[in-house]
Each structure stands twice: as structure tokens, then as C-alpha cells.
Amino acid sequence: MQARTQPSLAHAIEVENLGVEFSGGVHALRDVSLRVGANEMVAIIGPSGAGKSTLLRSINRLVDPTSGTMRVNGVETTGVQGRRVRDLRAQTGMIFQQFNLVSRLTVLQNVLVGRLRFRQGLLAMWPTLVRWFNAEDHAAARRSLEQVGIAELASRRASDLSGGQQQRVAIAKVLAQGARLILADEPIASLDPRSARVVMDTLATINRETGVPVLVNLHHVEVARRYASRIIGMRQGRVVFDGPAGALTTDMTRDLYGEDVEHTEKGANEPVLASSEPVGLAHG
Amino acid sequence: MGDGVTTSRVPGWIKLGLPLVVLVVALGAASGLTGWSPAIALAVACAAAAIAALPLDTRLFTGLLIVAVLAWSGERSDLDPIKLVQQRDRASEYLLGRSLTEEDRADARRQAERLIDLRFEADASAAARRAAPNATPQELRDATTRLAAEARAAAPSSEIEERIATEERRMLLDKRGGYFPPEMRWSRLRQYGDALLETVAIAIWGTLIAVVLAIPFSLMASQRTLLIFVSGNQRWRRGLRWLIAGVVRRVFDASRGFNEFVLALIFVAILGLGPFAGTLAIAVHTFGVLGKVFADAFETIRKGEVEGVQASGATALQTVSWAVIPQSLPFIVSQSLLRFESNVRSASVLGLVGAGGIGFLIDAKIKAYQYREVATMMILIILVVALIDFACTRAMKKLA
């Protein structure tokens, strides 16, 4: 991991009264306030349509909030535009449910996407448009791939990889990007249980070893309980629970998901992460 | 279709009967009372019956309307298969040449002999002039006659006969006319080849200019890629995106709306005769076609890949290069190759309005009734187009 000069801030994310109203009058978020500490790993749980994704996407401005204020890493980001949105996204790594890799490019090129933020000057940008990077960028990308343990896949096409491998490429991209905050939007919802465990362990290890805060949306209460120190429960666009993982009782979970928890948890995705043996970063 | 509440209450015999009665009455009235041709009468009657059928059965309405349109358009486009049969003799005479009479043959023989005589005389005249530069015209004429007779006597009669026969064959072919056999003289083939290469060159640069311009413009014509450049969900930003896409798409429509031929006329008027006018005509038309096709393709790119790159803090141009282009490149290349092949065919007729290429030669040869040369050029065009088609198909397969 690269040495990172990080100002010691109390909070990585501070969100006050955030609201998102889509055209058509649908309120995806109502009056959401939350804080994520500098080294925390926080899980957001809640049923589908609760606004978990919208909240994460508001933080790095893939969605424009319609009300409320935001500070990320101590910097006011409410309503910023253009260059300052790019700065915000550059500092904020995002992991998607569908991995969102460029399928026709190689694994290494996908990780190099994380280096684009360092090559944006009036002159520095042009080589990147034809996929050219200097040795420093290549070294950083390869180091990131080694960290997530898939260095041998560097020259494969992204679309040829399994889901678990693709998600690890996405994590390597975030590492190469040097993100100071990681947002993970349902990172394991499309993965088999074994890959899911590897991906969650990788995120937890990054959080533990580098101190980068992780805010992760999860479908499964059990997974959230195992990995997160704090859990935020959302329902119908509002925060209905915010506290340590141990404080989340079965009754609260039932309230969160409506009547039958069993049904929700056994939906499309198998919520089995039985083994708890830790998987470390390969060359952390 | 048409099985709504209204139709279910109307008995079947009325549903079918009423429009048919209207059809027969209208047909009788139209053909009896007016001077219309049968096809137009049928069209009007069907249209009337269709209107009668509209509240009863939509399927019947559609069917009658189609018959009406076909009858009318057949009349307007003068569809007449009988004419084709009647004119079959003219067709075979035009394409294969007419059969020659005895008179034609005698004529050809006479002309060939006269041609050879003229050649001897021309040679002799030149020789006489060289021998006695200061002779009087009368002396020159005498000398020419003498020298020609001597040369004729000196040449072996078999050789003279051969030369006459060659000329006679050519005369006969000219008299017969038609497209066959195609002209195969080497000097001519070289001339055609040269013009054909110019045609291909026009297509190459016309297509290239169009592709290079169409890519950035089509990025501005698709809502999904415009979102990369003008993000945000405010009313004015959405309005701006809508406006830009609308304007650029209208530019595509305008460029595509004119046929290459019409554009070539305009550019020839501006730039004068020559292949540059043809190149620009091809470029403008192809720009309109490819711009629309690319923009429609950008409308279907996977949003996730774009977000994946944007979320890393990439600029708009970086996002295009890393998320949009990788997805669409195979499509862009295959469509460009397809247009290139089509442009070679278009460029081969642009010469008809003086915009360069082999079309100019074809036009000249048709006007001079040299159909056998036209036949050769047509064959060459078919060969070249087939070759390019083959190469492009191979390239596309490699890419996919």
C-alpha cells in the first residue's frame, strides 16, 4: 500500500438532511443524516428500494441530491460542479454490484482507469486518450493487482473473468486510484458465496490495514453483522437504525424488512458466508 | 385487431357485405361515369370501401387501403409488363447488337479497303514531301500516286489482305453494336483501370472525412453520451442536452437528405470539374448517414461501464475514450467499411456530372455508342466492388 498523507479528520462523510427527488416526484431519500468516521467500516442494510444505492451514488454525485448538505473528507461538496465533482470522485472509490468494468479492455487497462485522475492536465491528458501511461502508472496498477491477488490475470480480457475476479479487478482499480474513501454498492449481490467472502474479506483487510473508511450497501443482515463495526438501517428513503452491529436486535431487523426476514434473506442471493477464516491481502 | 365491443355487435354478413357493396357500386360508378383508367377506378373504389369498412373491421380496412395504394401507385409508375415483352427485339438488339445484312457486309469491306488505301496514300504523301520539299502541288500529287502504287506492289498481297480483314472485322463490330464482346485492348484497359483507381481514391477519402467528422458529432447527438459532457438533472441542463442533440440530428438529416449525385452537382458548380468535388459530395452524404447510425449506437451503450470510469474521476474526454469507444469500436469500424464499399459504387457514377472517377468515361462512351467499352468498365467495377466487399467482410470477421 502506498504511503498516504491523510489529515486526521473526525469524519470521512458528513451528510445532513439529504434528500433526493427524482423527476416524477419520487422521493428516493428523505432527510437522511449520517456520519462515517475516518477509519470505520459501516454497512447500510435495508430492503430493495430503501434508497441505499441512491445514498451512495449521491455521495460521489452519480446522483444529484435535491436538498441537504454534504462534506467528504472535510471538504464541502454540496452542489459542486465540473472539476470539483471530478476531484470528489477521484478521492472516492466506488465498487458496483455489476462490477462496471470496461468489458472489451484488459484487466490491467481496467485498473489503469484508476490512474486517469492523475493525468488530467492540458497536456498530460492526451496520452491517456490513446491508452498510453508511463512506467509509474503501470507499476501502481500492477501493485494494486498483486494486492488483491490476481496479478496473473493482468493481460486477460475483463469480460473473460468470473464475477468474483471481476469484482477484485474493480477493487484493484480503486486501490490504484488511491481512494481515501470506498463506497461499495451491493458488492457481493451478484457473486457466489465463496467469491462473496473473498471480496468482503478484501474490503475488510483494506479498511483494517490502510485505515480507508468503507461504506458498504448489503442485502444480508448476517454479512453486515460480521464485517461492519456499525450498521445503518434504511427503509423507504429514511434512516431508521444507526448504531453498533451488536445493538441490532432481531425485532429491529424484522421491522426493517417488514414481516418475514427469512423470505427477504433467502431471495435471489444465497446469504451464506459460513466460514469466518480471514483472507488477508496477498502482498499487503 | 378490431374485435372490440363495436364489431362484436355487428353481424358478420354486414361486416363483410357492406364494404363489398360499396366496393362494387363505387367501381361501377367510377368506371362508368368517369373517364378513369381501370387501375385508378379500382383505387378509388377500394378507398371508398375502406372508409365504409373502417367502423366495422380494421383488418378489412387495412387490406382495402393497401389494395388502393398499390393500384394507384402501379398506375402512376406506369407498370406495364406487356411492354417488356413487346420490346424484347429492341432489348436484344441494344444489348447483343443487330444482325447484319449483305449490304452491311459489302459496306464494311468497301470501307476497310478504302481505309487501307488511305493509309498507303498518307505514308506516300509524307515520303514525297520529304524527298522533294520544294515541289509544286501537282508534282507532289503525281509523286504520291506513284509512291503509293509502288508501296502497294512491294507489300505481299497476303499482308494487305490481312490488314483489310482486321479493319473489316472492326467495322462489322461497330455496325453490329451491342455490349458484347467487351473491349479488351490493353491500352483501353489501362485507361479504365486508371479511372477506376480514381474512383476508389474518391471513396477512400470521402469515407475517411465522413468518419472522422461523424464520431465527434454523433457523440453530441446521443442523449447517453451527451450526459457525459453536460451532466445534471436540472431543467435547463436537460433542455440544453435536448437542444444540442436535436440540432446535431437535424444537421445529419440535412447532410443525408441529399443524394451524392445532387451534392456532386453543387460541388462541381463551386469547385469546377474533378474528383475533389466528388470526394466532398461522398463525404457530406456519408457524414449524415454514419452520424445518425453512430448516434443511435451510442444511445445503447452500457451505462455501467460509463459510470465505472466516471466514478474514478475521469474527464469527459477520458470517459469517451475509455468507456464509450471500447464498446462501440467494432460497430464503428464495420459500419464505416460497409459505407466505404457502398461509396465505391456511388463514386463510379459521380463522373456522370463531372465529379471524377470512371463515371466520366462511361458517360462519354455511352454518348459515342461505344457500348463494348462500357461493358468492360461495368465488369471491372463489379470485380473491384466484389473484391472490396470480400476484403471488408474478412476485416469485420477479424474484428468481431
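**Entry 1: a helix pair in chain B**

I began with α3(B) and α4(B), which are roughly antiparallel to each other, because angles over 145 degrees count as roughly antiparallel (under 35 as roughly parallel, 65 to 115 as roughly perpendicular and the rest as oblique). The model is a predicted one, in which local features need pLDDT of at least 70 and side-chain atom pairs count only at pLDDT 80 or more, while totals for chains, interfaces and linings use all residues. Residues are numbered from 1 along each chain as its sequence is written, and chains are lettered from A and ligands numbered from 1 in the order in which they are written.

I noted that α3 (residues 38-53) and α4 (residues 58-76) of chain B pack at about 160°, with their axes 8 Å apart. Helices here are DSSP runs of H or I with at least four residues, strands are runs of E with at least two, and both are numbered from the N terminus. Axes are lines fitted to C-alpha atoms, for helices over the stretch in contact, and angles run from 0 to 180 degrees between N-to-C directions.

The crossing of α3(B) and α4(B) is left-handed, a term used if the near helix is turned anticlockwise from the far one by less than a right angle, with clockwise giving right-handed. I then listed who meets whom: residues of α3(B) including I40(B), L42(B) and C46(B) meet a set in α4(B) including F61(B), L64(B) and W72(B); contact requires C-beta atoms, placed from the backbone, within 7 Å. By class, this contact of α3(B) with α4(B) has 17 nonpolar, one polar and one charged residues, where Ala, Val, Leu, Ile, Met, Phe, Trp, Tyr, Cys and Pro count as nonpolar, Asp, Glu, Lys and Arg as charged, and the others, Gly among them, as polar.

**Entry 2: the sheet of chain A**

In chain A I traced an open sheet of six strands with mixed pairing, in the order β6-β7-β8-β3-β9-β10; two strands pair if DSSP finds at least two bridges between them. Its edge strands, each pairing on one side only, are β6 (92-95) and β10 (238-244) of chain A, and the twist averages 20° from one strand to the next.

I looked up two pairings in detail. Strands β7 (residues 181-185) and β8 (residues 214-218) of chain A run parallel over four bridges, with N217(A) in β8(A) as the bridge partner of D185(A). Strand β9 (residues 230-235) of chain A pairs with β10(A) in the antiparallel sense over six bridges, and R230(A) has P244(A) as its bridge partner in β10(A). β9(A) and β10(A) form a hairpin with two residues between them, and Q236(A) in the turn has a positive phi of about 50°.

Helix α7 (residues 193-210) of chain A lies across β3 (41-45), β7 and β8 of chain A, running at about 160° to β8(A).

**Entry 3: the interface**

How many residues of chain B are in contact with chain A? I found 20 residues of chain B in contact with 27 of chain A. On the chain B side, α15 (303-310) and α16 (316-350) are the elements that give two or more residues, and α16(B) supplies the largest share, seven residues.

**Entry 4: confidence**

The model scores ipTM 0.87 and pTM 0.80. Chain B averages a pLDDT of 89, pLDDT being the predictor's confidence in each residue, from 0 to 100. For chain A the mean is 86, but over residues 260-280 of chain A the pLDDT is below 50. Where pLDDT is low, the predicted coordinates should not be read in detail.

Technical notes. Contact = placed C-beta atoms within 7 Å.
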